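Reader: I would like to go through this structure with you, beginning with the ligand and then turning to helix packing. Shall we start?

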Amino acid sequence: MTGDGALTFRAAGPADWEAVAGLQIASWRSAYRGMLRDDYLDAGIHAERRTLWRSRFTGEPGPDQVVAVAEDGTGLVALACILAGHDPIWGSLIDNLHVRPDRKRTGIGRLVLADAAARIPAVHAGTPLHLTVLDANLPARAAYEAWGGEFCEYLDAELPDGQSLPVRRYRWADPDALIRSLLRR
Ligand SMILES: CC(C)(COP(=O)(O)OP(=O)(O)OC[C@H]1O[C@@H](n2cnc3c(N)ncnc32)[C@H](O)[C@@H]1OP(=O)(O)O)[C@@H](O)C(=O)NCCC(=O)NCCS
């Protein structure tokens, strides 16, 4: 694919927490510049995201946290985190989806999300999926619309940099249909 070895997908485990945090930090610094505050992206993000991912993996993640990663010979290139059955109305939450900045738009986002969705525990089979995305994040919105996401509503979200910013919610009523759409090529 890039000469860096085959792309493989797997569930992330506790040993991955630093690499997962590092990938999200790099992704936010690249994609969220101008959306989140510079002082957060330049400094505060480091401790804040590392604390979050360490506790998600080494605390008590619970059986319904699904984290899938894609990797090649260079390390992690994408991650998708789903909190299965997170909300009684909206269903499972796609909480994080990141492709390493130098590998965006090569189809890895689709594949890692499909892999994570396929790992949702059977007890949540058929449960809808949803996410919120910053209104200003036009590339991600374009991806969700390309993947058949249904726009539901505008709302404001509290961000880790202390701002409250407008976001949009998208949903997929049928997780199996989402997986088929992601894998269709
Ligand atoms: C959003 C993101 C996960 C998408 O993953 P990706 O691997 O880049 O996307 P894919 O290559 O799988 O793209 C699939 C389709 O989505 C759409 N799409 C993706 N990025 C797009 C962009 N920048 N502009 C327009 N359409 C886009 C296209 O239809 C694309 O298919 P195509 O390339 O054949 O036209 C990735 O770009 C990313 O990590 N962005 C930064 C972090 C982020 O914003 N995460 C989401 C937070 S809510």
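Predicted model: local features only at pLDDT ≥ 70, side-chain atom pairs only at ≥ 80, totals over all residues.

Reader: Which atom of Arg-105 lies 2.7 Å from an oxygen atom of the ligand?
Author: For Arg-105, the atom in question is a backbone N or O atom.

Reader: And how far is a polar backbone atom of Arg-110 from the ligand?
Author: A polar backbone atom of Arg-110 is 3.1 Å from an oxygen atom of the ligand.

Reader: How many residues surround the ligand, and which are the closest?
Author: There are 24 residues around the ligand. The closest are Val-99, Arg-105, Gly-107, Gly-109 and Asn-137.

Reader: Let us change topic to the helices. At what angle do helix 3 and helix 5 pack?
Author: Helix 3, residues 108-118, packs against helix 5, residues 175-183, at an angle of about 150 degrees, and their axes are 9 Å apart. Helix 3 is therefore roughly antiparallel to helix 5.

Reader: Is their crossing left-handed or right-handed?
Author: The crossing of helix 3 and helix 5 is left-handed.

Reader: Which residues meet there?
Author: From helix 3, Arg-110, Leu-111, Leu-113, Ala-114, Ala-117 and Ala-118 meet Leu-178, Ile-179, Leu-182 and Leu-183 of helix 5. By class, this contact has nine nonpolar residues, no polar residues and one charged residue.

Reader: What about helix 1 and helix 2: how do their axes cross?
Author: The axes of helix 1 (residues 17-31) and helix 2 (residues 38-58) cross at roughly 145 degrees and come within 9 Å. Their crossing is right-handed.

Reader: Which residues make that contact?
Author: Helix 1 contributes residues including Trp-17, Ile-25 and Trp-28, while those of helix 2 include Tyr-40, Trp-53 and Phe-57.

Reader: And its composition by class?
Author: The contact of helix 1 with helix 2 has 11 nonpolar, three polar and six charged residues.

Methods. Residues numbered from 1 in each chain as written. Heavy atoms only, no water. Axes fitted to C-alpha atoms, helices over the stretch in contact; angles between N-to-C directions. Helix = DSSP H or I, 4+ residues; strand = E, 2+ residues; numbered from the N terminus. Parallel < 35°, antiparallel > 145°, perpendicular 65-115°, else oblique. Left-handed = near helix turned anticlockwise from the far one by under 90°. Contact = heavy atoms within 4.5 Å. Nonpolar A, V, L, I, M, F, W, Y, C, P; charged D, E, K, R; others polar. Near = heavy atom within 4 Å. Polar contact = N/O pair within 3.5 Å; in protein donor to acceptor, adjacent residues only side chain to side chain.
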